[in-house]
Amino acid sequence: MSPLPAIKLAFTSTVERPSEDRIQLYEASGEETPVSTFVPQNFERNYAYPLVVWLHGQDQNECDLPHVMRHVSTRNYLAVAPRGVDESLEVEGGYAWSDAPDSVEEAADRVFDALQQAQRFNINDRRVFLAGVGAGGTLAMRLAMRHPETFAGAATFDGALPTGNSPLGRVNELRSLPILLSSSRESQEYPEQQLCDDLRLLHSAGATVSVRQYPGGDDLTTAMLADFDRWMMEIVCGAAAAKV
């Protein structure tokens with residue numbers, strides 16, 4: 001089946017002011033750090049929703065979450081997005097993720113604090129998905145590979161697998177974690193050869209991997225996010241069917 005047309009999402013380069021019911025503050029390293037929260041339409045308090053933890057791209061921020069979820073699904077998931085660790089030097093209001101050890105530890109704290117904040121809603125703890133775009137995708141993969149028991153799946157969009165500091169240190173547990181690798185054919189951040197190398201590495205580790213490739217450059221597209229929804233629903237519905 002041919003992929004849907006690739007349409008670039010129009011993310012703002014400055015901080016948006018989300019509505020108060022979409023922002024929750026939590027403590028990280030002694031400072032108040034925003035995390036954006038997305039609540040699905042027609043929210044049912046008695047239904048345990050799958051949760052998406054989204055890591056924004058370079059020079060973006062947590063306020064991208066509503067734009068992302070609008071193209072994933074407005075009904076199927078709760079979602080949270082912590083703010084990047086480092087302030088952008090290029091874009092006002094933008095933030096970034098770093099692969100330096102201290103920054104990774106800080107990012108991990110923010111991800112798990114955001115996950116904890118989501119507990120105020122009714123979420124399915126066994127259906128938590130970690131995903132991100134660009135550097136956020138690389139970080140999502142590092143944290144999911146470090147904590148595979150926490151997540152039902154991990155996805156990266158135009159973000160290569162992490163290197164250094166033993167990302168495959170828990171290879172036995174990693175085999176039970178579904179992984180989605182998505183890239184654009186003309187991506188500068190995640191070129192096709194790197195995608196092939198990452199796929200080969202994960203296959204050698206015995207991981208369960210799905211791969212998607214799209215036309216265009218380093219843009220997060222509606223096609224990517226629609227496929228992300230389908231991939232997650234296959235996991236959620238497949239697990240439900242297995243219990244019958």
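The protein chain has six helices and 10 strands, read off as DSSP runs (H or I of at least four residues for helices, E of at least two for strands) and numbered from the N terminus. This is a predicted model, where local features need pLDDT of at least 70 and side-chain atom pairs count only at pLDDT 80 or more, while totals for chains, interfaces and linings use all residues. Residues are numbered from 1 along each chain as its sequence is written, and side-chain values use heavy atoms, with hydrogens and water left out.

**The chain overall**
- Of its 244 residues, 50% count as buried (buried is under 20% relative accessible area, exposed over 50%, partly exposed in between, with a 1.4 Å probe and protein chains only).
- Take the contacts (heavy atoms within 4.5 Å) with a separation of 6 or more: 73% of them join residues 24 or more positions apart.
- The accessible surface comes to about 11600 Å², and 47% of that belongs to carbon and sulfur atoms; the areas come from the Shrake-Rupley method with a 1.4 Å probe, and for residues only the protein chains shown count as cover.

**Nonpolar cores**
- In soluble globular proteins, nonpolar side chains tend to be buried together.
- A nonpolar core here is a set of buried Ala, Val, Leu, Ile, Met, Phe, Trp, Tyr and Cys residues joined through side-chain atoms within 4.5 Å.
- The largest one has 40 residues, and L51, L130, I179, L181 and L202 touch the most other members.
- At least two residues of this core come from each of β3 (49-55), β4 (78-82), α2 (101-118), β7 (123-133), α3 (135-146), β9 (178-184) and α5 (192-204).
- Helix α2 gives the largest share, seven residues.
- Leaving aside residues up to four places away in sequence, L130 touches a whole list of others, including V53, L55, V111, L143 and F151.
- Another core, of 27 residues, lies apart from it, with V68, V72, Y77 and F129 among its members.

**Aromatic pairs**
- There are eight aromatic pairs, counted when rings of Phe, Tyr and Trp (its six-membered ring) have centres within 6.5 Å; planes under 30 degrees apart are stacked, over 60 edge-to-face, and the rest tilted.
- F43 and F121 are edge-to-face, because their ring centres are 5.8 Å apart and their planes sit at 80°.
- F43 is in the loop between β2 (31-38) and β3, and F121 is in the loop between α2 and β7, so this pair ties together parts 78 residues apart in sequence.
- F121 counts as buried, at 19% relative accessibility.
- F157 and F228 are edge-to-face too, with ring centres 5.4 Å apart and planes at 80°.
- F157 lies in strand β8 (residues 153-157) and F228 in helix α6 (residues 222-243), so parts 71 residues apart in sequence are tied together.
- F157 is buried at 0% relative accessibility, and F228 is buried with a relative accessible area of 0%.
- One aromatic cluster is made up of W54, F129, F157, F228 and W231.
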